[in-house]
Amino acid sequence: MFLFGKRLREVRKRQSLTQQELADRIGVTKTSISCYESGTRTPTLETLIDLANELNVEITYFLGAEEYHIASNDYQFGINLARDEITLIKEFRKHISLYERLLDNPKRMIEFIERKIR
């Protein structure tokens, strides 16, 4: 739920709300909002609905689904991608050899990246 926390924080700040103000509006504690944003706690479905309603966003925005992309002009091969994911793909495409290696063996490249950032 990392993406959820990141997006919750962004929307809350964009609307100039403190964690306490948002918490008061939906009936949870400031600590709960802080934990949702940091990813250490997951809201209940009811709380997720309350957050989306209060912040005037779709629940799917919190979960990462923003844009629907169609593969081969066929909706059954479509996929929901968040803008963050699209940005990542675009950045990878700028580095052709890296992008090709990633497509060729995604698991191996992810393991390589994980080793490098440790």
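User: In this predicted model, what does the side chain of Arg12 reach at 2.8 Å?

Analyst: The side chain of Arg12 reaches the backbone oxygen of Leu17. The cut-off for a polar contact is 3.5 Å between N or O atoms. The value of 2.8 Å lies within it.

User: Why is Arg12 called buried?

Analyst: Its relative accessible area is 7%. Buried means under 20%, so Arg12 qualifies. Arg12 sits in helix H1, residues 2-14.

User: Which residues is Arg12 in contact with, leaving aside its neighbours within four places in sequence?

Analyst: Leu17, Thr18, Gln19, Leu22, Ile33, Glu37 and Leu55. Contact here means heavy atoms within 4.5 Å.

User: What makes Thr47 buried rather than exposed?

Analyst: Thr47 has a relative accessible area of 10%. Buried is under 20% and exposed is over 50%. Thr47 is therefore buried. Its place is in helix H4, residues 45-55. Not counting residues up to four places away in sequence, Thr47 touches Ile26, Val28 and Tyr36. Thr47 and Val28 are 19 residues apart along the chain, and their C-alpha atoms are separated by 8.4 Å.

User: How do you know that the buried residues of helix H2 are on the same side of H2?

Analyst: The buried residues of H2, residues 19-26, are Gln19, Leu22, Ala23 and Ile26. They cover an arc of only 100 degrees around the axis, which puts them on the same side of H2.

User: Which residue follows H2, and what is its phi?

Analyst: Gly27 follows H2, and its phi is positive, near 80 degrees.

User: What makes H7 and H8 oblique to each other?

Analyst: Helix H7, residues 96-104, and helix H8, residues 106-117, pack at about 120 degrees, with their axes 5 Å apart. Again, 65 to 115 degrees would be roughly perpendicular and over 145 roughly antiparallel. H7 and H8 are therefore oblique.

User: Which residues of H7 and H8 meet?

Analyst: Leu98, Arg101, Leu102, Leu103 and Asp104 in H7 meet Pro106, Met109 and Ile110 in H8. By class, this contact has 6 nonpolar, no polar and 2 charged residues.

Definitions and conventions: Residues are numbered from 1 along each chain as its sequence is written. This is a predicted model: local features need pLDDT of at least 70, side-chain atom pairs count only at pLDDT 80 or more; totals for chains, interfaces and linings use all residues. Side-chain values use heavy atoms; hydrogens and water are left out. Helices (H or I, at least four residues) and strands (E, at least two) are DSSP runs, numbered from the N terminus. Buried means under 20% relative accessible area, exposed over 50%, partly exposed in between (1.4 Å probe, protein chains only). A polar contact is a pair of N or O atoms within 3.5 Å; within protein, one must be able to donate a hydrogen and the other to accept it, and residues adjacent in sequence count only if both atoms are side-chain atoms. The arc is that of the directions from the helix axis to the C-beta atoms. Axes are lines fitted to C-alpha atoms, for helices over the stretch in contact, and angles run from 0 to 180 degrees between N-to-C directions. Angles under 35 degrees count as roughly parallel, over 145 as roughly antiparallel, 65 to 115 as roughly perpendicular and the rest as oblique. Ala, Val, Leu, Ile, Met, Phe, Trp, Tyr, Cys and Pro count as nonpolar, Asp, Glu, Lys and Arg as charged, and the others, Gly among them, as polar.
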